[in-house]
Amino acid sequence: MSLVKKISVNTHYTRSVNLERDADSLDVLRAYIPTSRALRTLSKIAGSFHCEQAPRAWSLVGPYGSGKSSFSAFLSHLISDSNDVGALEARKILIDADADLGHKFSEETETNGYLKILLTGAPEAMGRRIVKGMFDAANKYWAGSKGTKPKILSQLLETLTQEEISTTEIINLMKSLQQQLERKGCSGIMLVIDELGKFLEYEARHYGANDIYLLQSLAEHACKGEKVNLYLFVLLHQSFEQYAKGLGESLKKEWSKVQGRYEEVPFVESAEQVLRVVSAAFNHNLDSKEDIVLSEAVD
């Protein structure tokens, strides 16, 4: 029996996920499998929902293809407005995997969901990209609202015209955005920076961009807690200090200190979990007789 025409591979498992491109893709969402690592990470997030002060900054560290971007895309759907099709599907997937955890996320986002700022790293200053991401996300969030648009939109646009943007300005803009979102009934803000290493490499070559201190300030601000909390995720292939090679010892210590503000989540799955994903990647159209023949051959 030839299997060439009977078995195919789901192409969603054969290409890498680009967070900005694929965050709204229902096909990518439907192909997602919550692994034990993903469920533990979601449990950490859910544990901080109603805490006034709690760690809300995580660094997901793992090699290419370990599922960091797929997890972030799934999380993006999970915290969307409760009427969003993707949100409903994501919550069903999570409830099937862990009912209690799924209900916690459903309750957290039963109003207007979260504002989502999804960025992919590039060899440039990170601060400006974050401000642009804040503007794009806020503009989209208020796009269908009637009446006068909130002042934060014009503030963000005006800031983008500046030649330099300080860490203090960005934190103040984030605070203003949170206050405006509270009036809107928003549940929170999720900021995800995929391929953070590209920003860190730029920082290491152009010391003075102060992106490393911005990462520290954002993490500290997220920890303090607001009525509209900030949840911060950075995705890396290696730890912070690995990007500081070539810098002096004092700067390496600074980078290590900043890393301490983020709870590191090693995104490496067990062999069992990897096999679950690999198994799901194969489609087959065997009839009952062929299925029996194949099962006997395997046994």
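## Helix H7

Helix H7 covers residues 126-141, and its 16 residues should span 22 Å at 1.5 Å a residue, which agrees with the 22 Å between its end C-alpha atoms. The expected span of a helix is 1.5 Å times one less than its number of residues. Helices (H or I, at least four residues) and strands (E, at least two) are DSSP runs, numbered from the N terminus.

The buried residues of H7 include Met-126, Gly-127, Arg-129, Met-134, Ala-137 and Tyr-141. Here, buried means under 20% relative accessible area, exposed means over 50%, and partly exposed lies in between, with a 1.4 Å probe and protein chains only.

## Basis of the model

This is a predicted model, in which local features need pLDDT of at least 70 and side-chain atom pairs count only at pLDDT 80 or more, while totals for chains, interfaces and linings use all residues. Residues are numbered from 1 along each chain as its sequence is written, and side-chain values use heavy atoms, with hydrogens and water left out.

## The protein as a whole

The protein has 14 helices and seven strands. Of its 299 residues, 48% are buried.

A contact means heavy atoms within 4.5 Å. Among contacts in the protein with a separation of 6 or more, 77% are between residues 24 or more positions apart.

Helix H4 is largely enclosed by the rest of the structure, because ten of its eleven residues are buried. Among these buried residues are Lys-68, Phe-71, Phe-74, Ser-76 and His-77.

A pair of aromatic rings is described by the distance of the centres and the angle of the planes. Rings of Phe, Tyr and Trp (its six-membered ring) pair if their centres lie within 6.5 Å; planes under 30 degrees apart count as stacked, over 60 as edge-to-face and the rest as tilted. A search of the whole structure finds seven aromatic pairs. In one of them, Phe-71 and Phe-267 are tilted, with 5.5 Å centre to centre and 55° between the planes. This pair links distant parts of the chain, 196 residues apart: Phe-71 belongs to helix H4 (residues 68-78), whereas Phe-267 is in the loop between strand E6 (263-266) and helix H13 (271-280). Both Phe-71 and Phe-267 are buried.

## Other aromatic residues

Tyr-141 and Trp-142 form an edge-to-face pair, with 5.7 Å centre to centre and 75° between the planes. Tyr-141 counts as buried because its relative accessibility is 18%. Trp-142 is buried as well, with a relative accessible area of 6%. Elsewhere, one aromatic cluster is formed by Phe-49, Phe-105, Tyr-114 and Tyr-231.

## Lys-116 and its surroundings

Lys-116 is found in strand E3 (residues 114-120). At 25% relative accessibility, this lysine counts as partly exposed. Not counting residues up to four places away in sequence, Lys-116 touches Ser-76, Ile-79, Ser-80, Ala-137 and Met-190. Ser-76 is one of the buried residues of H4, and Ala-137 is one of the buried residues of H7.

A polar contact is a pair of N or O atoms within 3.5 Å; within protein, one must be able to donate a hydrogen and the other to accept it, and residues adjacent in sequence count only if both atoms are side-chain atoms. The side chains of Lys-116 and Ser-80 are joined by a polar contact of 2.6 Å. Met-134 lies 18 residues from Lys-116 in sequence, and their C-alpha atoms are 8.5 Å apart in space.

## Ser-187 and the cysteines

Ser-187 lies in the loop between helix H9 (167-184) and strand E4 (188-194). With 12% relative accessibility, Ser-187 counts as buried. Its side chain reaches the backbone oxygen of Glu-108 at 3.1 Å.

A search of the whole structure finds zero disulfides, a disulfide being a pair of cysteine sulfur atoms within 2.5 Å. Cys-186 is buried, with a relative accessible area of 7%, whereas Cys-223 counts as partly exposed at 24% relative accessibility.
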